[in-house]
Each structure stands twice: as structure tokens, then as C-alpha cells.
Amino acid sequence: MAAALAVIVLGCGQAGPQVTRVQTRPTAPTRTIGPGEHSLGMSTVRLRDLAERDGLLYVPSQAAQPQPLPLIVLLHGGGGRAGDFRAMFPLAEEFGVTMLALDSRHNTWDGIDSPFGPDVQFIDAALRYTFERVTIDPGRIALGGLSDGGAYSLSLGLVNGDLFTHLIAVAPGFYAPPAPPSGRPRIFVAHGTRDTVYRVAGSRGNIVPSLKSAGYDVTYYEFDGPHWVTEDPARHALQWLMH
């Protein structure tokens, strides 16, 4: 079991240098882990409300077989938590996909309201934790999220396209890569027609055409739903990831 990391995040003072690259890569596991839901034990604590920020790893039962599994890293919307994605864990079991749902270090992801850095480093550490325990298919590593998490997935994922082969954004609102892109990840964008936070027209008329004009392979899916990851877009995204 990894030792818990207890770090108090002050949330003030000078920001550190911007970090935009995820360094870890899939490797042969050196530790064992059973199927099901696991806390990472890598929590930080926000000083203003003493809320722990950690993450959840869901390992499907298919991990007992020798073949590598796809991985999707899931990033919540502003003010959300990793636990918001628990409803997707039955789909992880159905599709045989490892899911890594993470908490941002603060209320939302850096790069949204501050320089990229602490969240990138946490994603790096959480991926290292996962790669040490689960055999992951390097050809199916997805970074995905909702709202701010979707915008962050596109922004950070394009810069790290040599690691993230697939990017999934539900109701992203915008994207702004902090550094030159690398690799050519495939991209899935979904947006609910009843979204009252970010209008569906933003994805349909701006984000998707912009990504396509940059030469990316983009799949766009509109669904009858609100500003949330319902089962419908989640299922379509996983079917896309598996093919």
C-alpha cells in the first residue's frame, strides 16, 4: 500500500513554474491490486475548508486476464469531485476499462484559473500509481472530463498527445493548450442539447470545427441531456474508445 501523502495546500502566495508535460509512461506492473474501487491514498488538504483532495481507481475484473486494458482518466467539472464519476464504474466493468477519477487540487483545474502545474503533477503521480498496478494498453489511454474537466482534457491532452491517444470532452466550453501540441490523439466531444451552463452551439459551431481544421480526427455526439455525463454519452464515448 502506498504511503499517504499529507500536504496542506495554502492557496495563496507566488505560483510555481508552469508545468505542462506528463512524464510517466505505461510499464510492467510491479505491485498487485484487486478488482473494484480503490482510493489512491495521495490526498492533499485544502486549508480553507480542510477538504481532502484525492482520487479513485476502478479496476475491472478483466484485469485478472493477461491482456492490457484501456485506461480513461476522468476530470470533474468546476466544484466537483472524483466521486461524481462513480456512476460510470459499472460501465468500466461492462467494457473492461480501467477508470482513474481524480480531484483537482483546488475547486477547479489549474489552467482554468491559474497557471498549469499542481494538477499536472498530480495527474502524473496518479498515472504512475496506476501503471505500477495495472497492465495498461498504451494504444488506448484516454484523458476525459466534464465542463472545466473537459476543457482541461482538451487543453492538456493536446500537449501530451504522445501519451494520451484519446481525448474525451463533455460540454467543454473552450480549450486553450498551454504549449505546442504533440502526437495526434483522436478526440470525442459530446454536448447535451439542454445544457444551460455552456451552450451546445459552442461545441458544435466552434470547438469541433476548430479541432477538425487543425487536422484532428474528431467525433462529435449531441445528446438529449443537461450539463452532465449521463449514461448515454458515457456509453458512446466508451464504445468509441474501444474501436
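**Exercise 1. Is Trp 240 buried or exposed, going by its relative accessibility?**

*Solution.* Before we start, note that this is a predicted model, where local features need pLDDT of at least 70, side-chain atom pairs count only at pLDDT 80 or more, and totals for chains, interfaces and linings use all residues. Residues are numbered from 1 along each chain as its sequence is written, and side-chain values use heavy atoms, with hydrogens and water left out.

Step 1: recall the cut-offs. Buried means under 20% relative accessible area, exposed over 50%, and partly exposed lies in between (1.4 Å probe, protein chains only).

Step 2: apply them. Trp 240 has 9% relative accessibility, so Trp 240 counts as buried.

**Exercise 2. Find the partner of Phe 116 in a stacked aromatic pair, and classify the pair from its geometry.**

*Solution.* Step 1: learn the rule. Rings of Phe, Tyr and Trp (its six-membered ring) pair if their centres lie within 6.5 Å; planes under 30 degrees apart count as stacked, over 60 as edge-to-face and the rest as tilted.

Step 1: look at the whole structure, where a search finds five aromatic pairs. In one of them, the ring centres of Phe 116 and Tyr 152 are 5.3 Å apart with planes at 15°, so this pair is stacked.

Step 2: Phe 116 sits in the loop between strand S7 (98-102) and helix H2 (118-131), while Tyr 152 belongs to helix H3 (residues 148-159), 36 residues apart. Helices (H or I, at least four residues) and strands (E, at least two) are DSSP runs, numbered from the N terminus.

Step 3: check the surroundings. Phe 116 is buried at 7% relative accessibility, and Tyr 152 is buried at 1%.

**Exercise 3. Describe the pair that Trp 240 forms with Phe 188.**

*Solution.* Step 1: Phe 188 and Trp 240 are 5.5 Å apart, centre to centre, with 45° between the planes, which makes a tilted pair.

Step 1: Phe 188 lies in strand S10 (residues 186-192) and Trp 240 in helix H5 (residues 231-242), so to speak linking distant parts of the chain, 52 residues apart.

Step 2: Phe 188 has 3% relative accessibility and counts as buried.

**Exercise 4. Which residues do ring pairs link into a cluster with Phe 116?**

*Solution.* The cluster holds Trp 109, Phe 116 and Tyr 152.
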